[in-house]
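Please look through the structure shown here. The report that follows starts at one residue and then widens to the whole chain.

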Amino acid sequence: MKTIWKQSLLAAMSLVVPLSESLAGTADFTVQYQNYNAAGPNDDIIEAGIQLRNNTGAAIPLSGVVVRYWFTKNGATPTPACWWWNAPDCSAISLTSGSVSATGADQYVEIRFNGAAGSLAAGATTAPIDLGITFGGVAVNETDDYSYGNQTTAANWSRITVHDAGSAPTGGLRGGTPPTGGTTPPPSVSAEFFDDFTYNSTADAAFTNLWTVRTYAGGPGVGGATWSAGNVSMVSEGSNRLMRLQASTNGSAAGTSHSEVISRAQKFKFGTYATRIKFRDAPLSGPRVYGDKYVETFFALTPYNSASYSEQDYEYLPNGGWGQGNTSTMFLTSFDKNKAASPERKLSYSHDGWHTLVLHASPSGNIYHIDGVELANHTSQFAPLINQFLDFQMWFIELGTTNGTPRTYFEEVDWVYFAKDTYLNTNAVNATVTSLRNASVPRKDTVP
Ligand SMILES: [Ca+2]
Ligand SMILES: [Ca+2]
Ligand SMILES: [Ca+2]
């Protein structure tokens with residue numbers, strides 16, 4: 001997803017806005033609303049016609065934003081549905097519900113868009129989305145709902161709001177005014193793992209207590225390559241510390257080294273897996289040789305020979321590979337117990353730079369997010385069956401063998417986080433990391 005940056009604001013805000021917050025405009029969108037059920041404010045149906053207008057000068061991918069409708073459920077159980085949309089249709093929309101504590105709202109329904117919804121052109125307005133919320137035959141009061149209005153033709157309406165995808169309920173504002181007067185209950189995390197990689201070096205006992213740097217030979221990747229402990233280091237970026245993984249080659253297998261950092265503990269199964277990671281397209285040193293097909297990764301997996309195998313991968317190939325030519329490609333892949341791969345999901349564009357990866361692994365499957373946007377959803381066939389390791393790797397699929405100049409590629413990791421049996425969105429993960437840092441917690445492990 002490309003965020004629509006406001007360059008003038010970016011310079012002014014970059015010193016004060018946490019990375020997790022949207023730097024896009026809070027008035028990028030105007031919502032237009034009409035009440036399709038205005039005649040029934042006390043029945044068991046809410047039916048809203050919702051349109052989004054793009055106020056900016058650039059097209060905005062709808063998959064990068066969500067719409068929230070705020071209401072009180074009056075003790076009933078709401079069920080949201082997209083009843084009608086003609087651009088393209090309801091299959092491009094999914095709906096979720098969430099709880100809040102605010103004036104006029106104890107619930108919201110979130111409209112999400114997938115890639116089929118496309119982009120909304122500068123100045124354009126979507127066709128009306130017919131949002132239905134039913135209450136199982138229980139009559140509820142709509143007039144106490146924050147987003148309620150009784151107009152029967154479309155009019156600008158600030159009480160239905162637009163936010164960055166993945167944002168906290170009232171966060172990441174892109175249009176409208178969310179309700180106030182209460183706080184959003186954060187999901188309560190019973191057990192968590194966090195490492196800010198604040199170490200002096202990989203020799204620190206605190207590091208080696210949690211992580212193993214691989215030195216044994218073998219797959220994946222180029223046969224004959226070594227896995228070098230020297231390819232993992234701790235570096236500074238301002239006052240922040242990062243873990244750096246490198247992979248080097250001179251075009252020959254004997255001159256090739258990989259790197260891997262894997263958690264000592266195999267205890268991560270269902271929950272939120274997250275990391276802030278800097279993928280790099282350019283080498284740390286030497287030439288960028290497109291014949292070098294290499295992988296920058298974050299993933300979770302069981303021992304390879306387990307009968308209850310599972311693996312969930314973020315695999316970024318800056319120089320392409322695996323049939324992608326030289327095109328920078330991110331693969332999001334899960335493997336089941338028979339090592340069968342999930343349907344191919346690839347993102348054919350550069351991921352150079354910082355990204356926040358959030359994976360939800362649950363009994364119903366694995367959902368992959370990058371920077372708050374859901375980008376892959378693999379079914380229960382691929383859910384973990386047993387506890388897994390956390391893992392970072394850099395390795396070559398194949399080499400540019402005609403170039404003998406030594407070169408080194410790299411990725412850097414700011415932090416890694418896991419919440420057991422709890423599913424935090426990207427903003428909630430970022431808020432959790434911020435609060436751990438504010439409490440001067442460089443690492444934490446309460447996962448049993
Ligand atoms: Ca109604
Ligand atoms: Ca109500
Ligand atoms: Ca860090």
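## A buried tyrosine

Y69 is buried, because 27 other C-beta atoms lie within 10 Å. The burial classes work as follows: a residue is buried if 20 or more other C-beta atoms lie within 10 Å of its own, exposed if 12 or fewer, and partly exposed in between, with C-beta atoms placed from the backbone. Y69 sits in strand β4, residues 65–71. Helices (H or I, at least four residues) and strands (E, at least two) are DSSP runs, numbered from the N terminus.

Which residues does Y69 touch, not counting residues up to four places away in sequence? They are A48, Y108, V109, L131, S147 and I160. Two residues are in contact if their C-beta atoms, placed from the backbone, lie within 7 Å. A340 is another matter: Y69 and A340 are 271 residues apart in sequence and 40 Å apart in space, C-alpha to C-alpha.

## Model and confidence

This is a predicted model, in which local features need pLDDT of at least 70, side-chain atom pairs count only at pLDDT 80 or more, and totals for chains, interfaces and linings use all residues. Residues are numbered from 1 along each chain as its sequence is written, while chains are lettered from A and ligands numbered from 1 in the order in which they are written.

pLDDT is the predictor's confidence in each residue, from 0 to 100. Its mean over the protein is 92, and 94% of the residues reach 70 or more. Residues 1–23 stay under 50. For that stretch the model has 27 contacts beyond four places in sequence. Where pLDDT is low, the predicted coordinates should not be read in detail.

## Overall build

The protein has 3 helices and 29 strands. Its radius of gyration, taken over C-alpha atoms, is 24 Å, close to the 22 Å of the globule rule for 448 residues, so the protein is as compact as a globular protein of that length. The globule rule is 2.2 Å times the number of residues to the power 0.38. Along the principal axes, the C-alpha atoms fill a box of roughly 75 × 45 × 45 Å.

Buried residues make up 42% of the 448 residues. Take the contacts between residues at least 6 apart in sequence: 73% of them join residues at least 24 apart.

## Two domains

The domain assignment gives domain 1 (24–175) and domain 2 (192–445). Such bounds come from an automatic or database domain assignment. How many residues of domain 1 are in contact with domain 2? The count is 9, and they meet 7 residues of domain 2. By class, that side of domain 1 has 2 nonpolar, 6 polar and 1 charged residues. Here Ala, Val, Leu, Ile, Met, Phe, Trp, Tyr, Cys and Pro count as nonpolar, Asp, Glu, Lys and Arg as charged, and the others, Gly among them, as polar. The domain centres, taken over C-alpha atoms, are 36 Å apart.

UniProt, in an unreviewed entry, places the feature "domain: CBM3" at residues 26–175. UniProt positions are given in the numbering used here, feature names are shortened, and annotations may be inferred rather than shown by experiment. Over residues 26–175 the chain is 0% helix and 45% strand. The end C-alpha atoms of this stretch are 5 Å apart.

## Two glycines in loops

G321 is in the loop between β21 (311–317) and β22 (329–335). Is G321 buried or exposed? It counts as buried, because 22 C-beta neighbours lie inside 10 Å. Leaving aside neighbours within four places in sequence, G321 is in contact with K293, I397 and E398.

G286 is in the loop between β19 (271–279) and β20 (293–301). G286 is partly exposed, with 16 other C-beta atoms within 10 Å. Beyond four places in sequence, G286 is in contact with T405, P406, R407 and T408. G286 and Y409 are 123 residues apart in sequence and 8.8 Å apart in space, C-alpha to C-alpha.

## Backbone details

A cis peptide bond joins A87 and P88, with omega about -5°. P88 is in the loop between β5 (79–84) and β6 (93–102). The peptide bond from G219 to P220 is cis, with omega near 5°. P220 lies in the loop between β14 (211–213) and β15 (226–227).

K339, which is not a glycine, has a positive phi near 65°. K339 is exposed, with 10 other C-beta atoms within 10 Å. S440 is not a glycine and has a positive phi of about 55°. S440 lies in the loop between α3 (426–438) and β29 (443–445), and is exposed, with 6 other C-beta atoms within 10 Å.
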